[in-house]
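Take a look at the model below.

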2 protein chains.
Amino acid sequence: MKIAFVVYNNMTLLDFAGVYDPLTRLKTMGFCPDLTYAVCARTDQVRSSEGVVLVPDRVMTDLSCFDLVIIPGGDGIKELMQDRVFLAWITVASERTTVAALCGGSLLLGAAGLLRTRKATTHPALMDILARFTQDVSGDRIVDAGPVITAGGVTAGIDLGLYLCEKIAGSTVREKIQMQMDYRHYSPA
Amino acid sequence: MKIAFVVYNNMTLLDFAGVYDPLTRLKTMGFCPDLTYAVCARTDQVRSSEGVVLVPDRVMTDLSCFDLVIIPGGDGIKELMQDRVFLAWITVASERTTVAALCGGSLLLGAAGLLRTRKATTHPALMDILARFTQDVSGDRIVDAGPVITAGGVTAGIDLGLYLCEKIAGSTVREKIQMQMDYRHYSPA
């Protein structure tokens, strides 16, 4: 199992960190020793919308080599929704690769054409924009539509991460990770 | 209002990001235009316990110049609890400066001697170690003890950040930030 965490300029740091924490615990807590993961970007450094600078592990790597690709949201999506090179980069949903986005990241999947025939969700304030890309907009916290999974705003990333932990390693592992995260209200729906 | 977010090697990224998100929204959402903040470290780069690399805004800056200093937790505390230079650096609680820690960060405040006469909390799995530093260990999610505030594990950082938002700008602002974060279960207690 190989996971790519996509980061980009003007993303929301917590969108990334909320999914990154539970999924990386699959490895750091010893549940999935063979799991590998990488923070992936198109640039050598990335500055979040709040201003913090991250150095990615890999630049311009082929995302279709991963089993799971995570796409966060943030103000940067306004530019990236028009960026054909970026959208082509993240368009890797297939039998082999699951793409999971949250918050404004769902709109990136929409702009990439991945939601055309799929049910999807996003941040409550972005539902109108999501409706441009799919006729099946959901208010659920997480929508699992085959190789494309979407989730709600910002903190929904924690629920998305835990949901993916359960999908990968089962509910007992998810519960142990949730407890270690001191997270009281897992909300997958 | 000046806020310092302390980061260090082998901290838990979500400990930092969970507090960073709501507090920076005080500025980015326009509630506190004069607020400034900086990510502060003792090294030019910081690698979280999960492996992601951050570049701090300021290195070895004087933390007593800030009104609020945030200390996250993570595996790195094992080393830092013995590091007198680091502990002296973060020992800035005063009439002027509030220090707020969560998760293992509370143990750093303990090792720095800041909890000797104060009630405090930490990650549920770290309560025994916290008891070495204070006779007043609490199981609450957040404990506000004057210039020293402590919180529970990992995701308690989101509650701590929202609690501090309310303390700084009132409950209406906190509610707006919480809504923008799509956070359903604010748990300050």
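Which residue stands opposite Val53(A) in S4(B)? It is Val55(B). This is a predicted model.

**Strands across the chains**

Strand S4 of chain A covers residues 53-55. It is joined to S4(B) by 3 bridges. The two strands run antiparallel.

**The contact between chains**

On chain B, 28 residues are in contact with 28 residues of chain A. Three elements of chain B each give two or more residues to this side: helix H1 (13-28), strand S4 (53-55) and helix H6 (156-169). H1(B) supplies the largest share, 8 residues.

**Two helices within chain A**

Helix H1 (residues 13-28) of chain A packs with helix H6 (residues 156-169) of chain A: their axes come within 7 Å. They cross at roughly 25°. Angles under 35 degrees count as roughly parallel, so H1(A) and H6(A) are roughly parallel to each other. Their crossing is right-handed.

Residues from both helices meet here. H1(A) brings, among them, Leu14(A), Val19(A), Leu23(A) and Leu26(A). H6(A) brings residues including Ile158(A), Leu162(A), Cys165(A) and Ile168(A).

**Residue classes**

Terms used
Residues numbered from 1 in each chain as written. Chains lettered and ligands numbered in written order. Predicted model: local features only at pLDDT ≥ 70, side-chain atom pairs only at ≥ 80, totals over all residues. Axes fitted to C-alpha atoms, helices over the stretch in contact; angles between N-to-C directions. Helix = DSSP H or I, 4+ residues; strand = E, 2+ residues; numbered from the N terminus. Parallel < 35°, antiparallel > 145°, perpendicular 65-115°, else oblique. Left-handed = near helix turned anticlockwise from the far one by under 90°. Contact = placed C-beta atoms within 7 Å. Pairing = 2+ DSSP bridges.
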